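Please keep the sequence and the structure in view while reading.

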Amino acid sequence: MTAIRRQSTVFLFMLAYLFSYIDRQILALLIGPIQADLHLTDTQFALLNGLAFSLLYAVLGFPLAAMSDRKPRPPIIVTGVILWSLATMACGLSHSFASLFLCRVLVGLGEAALAPAVYSFLADIVPKEKLSGTLAIFFLGSFLGSGCAFLFGGGLLELVQHLSLGNFHAWQICFFVVGFPGIILGLLIAWAVKEPANRHTALQAVPLTQALSFYRKHASFFTIHMLSYTLLAVTLFSLFSWIPAFMMRIHHLSHAQLGWTLGLIVIL
């Protein structure tokens, strides 16, 4: 793979990660109108923002990672991108807590496919000495995506609130708008990204006993790493989930004001 082709592939994967964070974080900014229209409590909203998304996202990471070790990665990535994008748009069709919960579960299912397949793919196309820098570019998508969800989501919500939307609420239109670009990106990845001809990663399944043996051999590193990452995730997702509600309820910021302020903070 040429350097230009490799850079283009990394950029497409970073965009996919960016879109994934927009689609998962936009819900937090829409807390007010969603609660008002669907009559949700804060506990129900927390279940939508946390449990619903993570229910399959966490559990299916293992089998999807194993599949990425044995099967072509681009179809797995494309399927995940299109699935979570369609599920995000389907959030805009929800009229109850149950239907919105199901859509959020599907968003988590789609996003669970991205990281394992991308890690495996990049390990095949990027020289080992450049892999950490390449992963840093890929990870830019997470904070850029979270920032963009706030940055543009607030302005988008206030814009569509002044339009004639028929039977749709403004928050529903926001889900349609942020979900649609992911479908285009998924089709672009399907067209542009092909499985490497010389695949380095093993195509055979690793026995569970061998995986556990490897974990025990490096138990201190993996245990501390996973505990640290868990605590980091708890902190970040708690902030991203409830700062919008806090700033709008206590400090009376508009959606647009909050979006610009919080979006710039997260991106910087």
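The axes of H3 and H4 come within 4 Å and cross at roughly 40°; axes are lines fitted to C-alpha atoms, for helices over the stretch in contact, and angles run from 0 to 180 degrees between N-to-C directions. H3 and H4 are therefore oblique to each other, since angles under 35 degrees count as roughly parallel, over 145 as roughly antiparallel, 65 to 115 as roughly perpendicular and the rest as oblique. This is a predicted model, in which local features need pLDDT of at least 70 and side-chain atom pairs count only at pLDDT 80 or more, while totals for chains, interfaces and linings use all residues. Residues are numbered from 1 along each chain as its sequence is written, and side-chain values use heavy atoms, with hydrogens and water left out.

**Helices H3 and H4**

- Leu56, Tyr57, Ala58 and Val59 of H3 make the contact with Gly61, Phe62 and Pro63 of H4 (contact means heavy atoms within 4.5 Å; helices are DSSP runs of H or I with at least four residues, numbered from the N terminus).
- Six residues of this contact are nonpolar, one is polar and none is charged (Ala, Val, Leu, Ile, Met, Phe, Trp, Tyr, Cys and Pro count as nonpolar, Asp, Glu, Lys and Arg as charged, and the others, Gly among them, as polar).
- Within H4 (residues 61-70), Gly61, Leu64 and Ser68 are buried (under 20% relative accessible area, with a 1.4 Å probe and protein chains only).
- These residues lie on the same side of H4 because they cover an arc of only 70° around the axis, taken from the directions from the helix axis to the C-beta atoms.
- The buried residues of H4 pack against H3 (42-59), H5 (73-91), H6 (97-111) and H7 (114-125).

**Helices H11 and H12**

- H11 (residues 219-250) and H12 (residues 255-267) pack at an angle of about 140°, with their axes 10 Å apart, and are therefore oblique to each other.
- Phe240, Ile243, Pro244, Met247 and Met248 in H11 meet His255, Leu258, Leu262 and Val266 in H12.
- This contact comprises eight nonpolar residues, one polar residue and no charged residue.

- Thr88, found in helix H5, counts as buried because its relative accessibility is 1%.
- Asp23, found in helix H1 (residues 3-29), counts as buried at 2% relative accessibility.
- Not counting residues up to four places away in sequence, Thr88 touches Asp23, Val107, Phe175, Val178 and Gly179.
- With the same exclusion, the residues that Asp23 touches include Trp84, Ser85, Arg104 and Glu111.
- The C-alpha atoms of Asp23 and Met89 are separated by 9.2 Å, although the residues are 66 apart along the chain.

Methods: Buried < 20%, exposed > 50% of the residue type's maximum accessible area, 1.4 Å probe, protein only. Helix = DSSP H or I, 4+ residues; strand = E, 2+ residues; numbered from the N terminus.
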